[in-house]
Amino acid sequence: MKFHLIAKAAIALSFLASPCLAQAPGAAHDHFNRGGSLYQKGDFEGAVAEFTKAVEISSRLDNRGRADDWRRKTGAASSFEEVRVLDPLAAAAYANRGLARYRLRDYEDAIADFDRAIAISPRLPDAYNNRGMARYDMEDYDRAIADFDRAIAIDPRYAKAYNNRGNAYMDKEDLDRALADFDKAIALDPRITAVYFNRGFARRRKEDGDGALKDFDKAIALDPRSASGYYGRAVALCDRNELDRAVNDFNRAIELDPRYALAYGNRGLALLRQGKDAEAEKDFERAVALRPKLKAELESNIEQTRKWRQKVR
């Protein structure tokens, strides 16, 4: 019996550094750098505020001297002709503010910021990659793929964009293209743990259990603290009915990430298959508490598992 709750593949994000030749005032760089520091600390709202200040300083109104609030003017892409950008720092600040908004799950405003960055600097591959990520999370897979295509066209060695495009293809059930993109990402940069996790699940969907296990093993070897690596390997072990080993890996995933709802849900299913109903029920409750949207899928898996137990008795 094969089961697992759906796992969203890991996405690779790209953060833009301050342009080294930028001519913006020092204050703009200070706000930009503070925004980056706050982003790295997980203070995404603070990062948005600092990047906004960086944008304000590194941009100004057109030479017609309009006194309107420029932030109101830049609310849509059509207003860019009314703003003169003095420095490429503004494009990076928009892109990074978009990334902070993405982290806050404010996808529409994030996309608007990536649009602004691209309007200023049309050859920023990171802005296309990041806009693709926001569209991916909105399940707009075709437009996400178009953004990843553009990022790759600008930088053919952009391993993260291949990884992200592979995720989108996988969600569209185009597994051959997904695997080709994951292979390319690994060829370009064999150190990205997430790509092995993603390829492992693509291989699993292609019924390549051995290949999937190798990829999850590689993810763990690259990052022994990768909760997703242990989770993926545990799912692959469940496919082989190696439930004791699977539970151990789920335990490790949860130890590394105590809020890993999918790990609780799948550990519960493994325990249910072992007849450990009371322990399984605790895991199901924890999974749903952490992610209420899992409830319907989890209930379906529980029912299937119980039917399977009755058949094999």
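Buried means under 20% relative accessible area, exposed means over 50%, and partly exposed lies in between (1.4 Å probe, protein chains only). This is a predicted model, in which local features need pLDDT of at least 70, side-chain atom pairs count only at pLDDT 80 or more, and totals for chains, interfaces and linings use all residues. Residues are numbered from 1 along each chain as its sequence is written, and side-chain values use heavy atoms, with hydrogens and water left out.

View 1. Helices (H or I, at least four residues) and strands (E, at least two) are DSSP runs, numbered from the N terminus. The chain holds 313 residues, and 53% of them count as buried. Contact means heavy atoms within 4.5 Å. Among contacts with a separation of 6 or more, 58% join residues 24 or more positions apart.

**View 2. The largest nonpolar core has 57 residues.** A nonpolar core is a set of buried Ala, Val, Leu, Ile, Met, Phe, Trp, Tyr and Cys residues joined through side-chain atoms within 4.5 Å. Phe 32, Tyr 102, Ala 134, Met 170, Phe 182 and Val 195 touch the most other members. Helix H4 (residues 89–103) gives the largest share of this core, 9 residues. Now look at Val 195. Leaving aside neighbours within four places in sequence, Val 195 is in contact with Asn 163, Phe 182, Ala 185 and Ile 186. A second, separate core has 37 residues, including Leu 237, Ile 254, Ala 270 and Ala 287.

**View 3. Six aromatic residues form one cluster.** The members are Phe 197, Phe 201, Phe 216, Tyr 231, Phe 250 and Tyr 260. The structure holds 10 aromatic pairs. Rings of Phe, Tyr and Trp (its six-membered ring) pair if their centres lie within 6.5 Å; planes under 30 degrees apart count as stacked, over 60 as edge-to-face and the rest as tilted.

**View 4. The charged end of Arg 273 sits over the ring of Trp 308.** The distance to the ring centre is 4.8 Å. A charge sits over a ring if NZ of Lys or CZ of Arg is within 6 Å of the ring centre and within 35 degrees of the ring normal.

**View 5. Arg 143 and Asp 140 meet in a salt bridge.** Side chains of opposite charge can pair when their charged atoms come close. A salt bridge is a side-chain nitrogen of Lys or Arg within 4 Å of a carboxyl oxygen of Asp or Glu. The whole structure has 27 salt bridges. For Arg 143 and Asp 140, the N to O distance is 3.8 Å. Arg 143 is partly exposed, at 46% relative accessibility. Asp 140 is partly exposed too, at 25%.

**View 6. Arg 191 pairs with Asp 189 in a salt bridge.** The closest N and O atoms are 3.0 Å apart. Arg 191 is exposed, with a relative accessible area of 65%. Asp 189 counts as buried, at 17% relative accessibility.

**View 7. A salt bridge joins Asp 210 and Arg 240.** The N to O distance is 2.1 Å. Asp 210 lies in helix H11 (residues 209–222), and Arg 240 lies in the loop between helix H12 (227–239) and helix H13 (243–256), so the pair ties together parts that are 30 residues apart in sequence. Arg 240 is partly exposed, with a relative accessible area of 37%. Elsewhere, salt bridges that share partners join Arg 97, Arg 101, Asp 113 and Arg 116 into one network.

**View 8. Arg 105 and Glu 139 have a positive phi.** Most residues other than glycine have a negative phi. Arg 105 has a phi of about 65°. Its place is the loop between H4 and helix H5 (107–120), and Arg 105 is exposed, at 67% relative accessibility. Glu 139 has a phi near 65°. This residue is in the loop between helix H6 (125–137) and helix H7 (141–154). Glu 139 is also exposed, at 55%.

**View 9. Thr 193 lies in helix H10 (residues 193–205).** Thr 193 counts as buried, at 18% relative accessibility. Leaving aside neighbours within four places in sequence, Thr 193 is in contact with Ala 219, Leu 222, Asp 223 and Ser 226. Thr 193 and Asp 223 are 30 residues apart along the chain, yet their C-alpha atoms are separated by 6.8 Å.
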